[in-house]
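Hello,

Here is the structure for you to look over. My notes follow below it.

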Amino acid sequence: MARNSKIPAVRKQSRTTRAQPKRRVVVLVATRKGAWLYHGDAASKTWRADGPHFLGHVISHLMLDPRDRRTLLAAAKTGHLGPTVFRSTDLGRSWKEAARPPAFAKVADGTAGRAVDHTFWLTPGPASEPDVWYAGTSPQGLFRSTDGGVTWEPFSIINDDPQFREWMGTVQDGTPDGPKLHSIIVDPRDPAHMYIAMSGGGVHESMDGGQTWKTLLKGLDVVEGFGFDASKPTFHDPHCVRICPSDPERLYQQNHCGIYRLDRPSDTWLRIGKNMPKRVGDIGFPMVVHPRDADSAWVFPMDGTSVWPRTSPDGKPAVYGTRNGGKTWQRLDAGLPEKQAWWTVKRQAMTADAANPVGLYFGTTSGELWMSRDAERRWACIAQHLPEIYAVEAAEL
């Protein structure tokens, strides 16, 4: 399906049409030591904290099911239960552990196989499959639940396929806190059309519900100076891949080696991060796309010099946004610290709501939650002194 070159304009509301009540937003914050829910008022000006939940446990991801706006899933790593998933059907008032959390299949010959260290990524299935969820783990694994997150089974060929296992490398070769399967995307038009990303291991696409996969590596760079072969998925490290809700033919990617855009049916990524200011660069982890405008996206750059400090460049953090598909980028730092702020933002810790204007949110490695309610004009800190923030999601109630 060819991508439409023009995005339909939003029609102005008729004066005779009664305005629909605005939904309240809840911001879901997953941290190294628990989870919090921040409930906003109708104007998203004041916030009520609900938490901590799972205090002391590592929560990698917290997701609200958009299909019922009541069910929450939390990807947890606990000291006594190990890696697991918790489920709530009452917006966090009570929680139950999954009866069978994601786990790799036992090796037939009795030898020790791979073990899930933690579930890292949660993706709800499409509206047509109300009880389906997908999970990505560290080390890289793909799992599926068909009962709302109560039980999980290995999904697709990925976990045990020899070729995929080679691309995954070893735990020692992975990211600092372990290799991960993430960015699980289900095409809203076709549940059989899926994307996944592996760090490391590249970006992959399935057209048949996970039975077969093809790589999407064309146009992506690899780290220079190490002799890496760009044709091999093993050497590719996608940090975050997002599909545009308003135009599923377009994807954006924040990669270890830059910012990219893919317009289907092309299979070649375009490095749009080259248009970022050279003193800032285009290295970072999160990627956020506008819910109604496929030309608008946001990133949070970090210092990507040769020693990889993983801090904000020069201690001056800023979001960068584009309104033209990455042709140009604008620095958006009003309200943020002007100096000596060395925190940064992890790959799941930045998101957007569906309001008009769009609200943007990000959580920092120093435990601060920031928001811009006025379409990026000014940032305000709505929570601080939290543990290191791993993931931030915004959902409407």
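Predicted model: local features only at pLDDT ≥ 70, side-chain atom pairs only at ≥ 80, totals over all residues.

Residues are numbered from 1 along each chain as its sequence is written, and side-chain values use heavy atoms, with hydrogens and water left out.

Asp-221 forms a salt bridge with Arg-271, with 2.7 Å between the closest N and O atoms; a salt bridge here is a side-chain nitrogen of Lys or Arg within 4 Å of a carboxyl oxygen of Asp or Glu. The two residues are 50 apart: Asp-221 is in the loop between strand E15 (214-215) and strand E16 (238-244), and Arg-271 is in strand E19 (residues 270-271). Strands (E, at least two residues) are DSSP runs, numbered from the N terminus.

The structure holds 17 salt bridges. Another one of them joins Glu-129 and Arg-144, at 3.9 Å between the closest N and O atoms. Glu-129 sits in the loop between E8 and E9 and Arg-144 in strand E10, so this pair ties together parts 15 residues apart in sequence.

E8 also belongs to an open sheet of four strands, in the order E8-E9-E10-E11 with antiparallel pairing; strands pair if DSSP finds at least two bridges between them. E8 and strand E11 (153-154) are the edge strands, each pairing on one side only.

Regards
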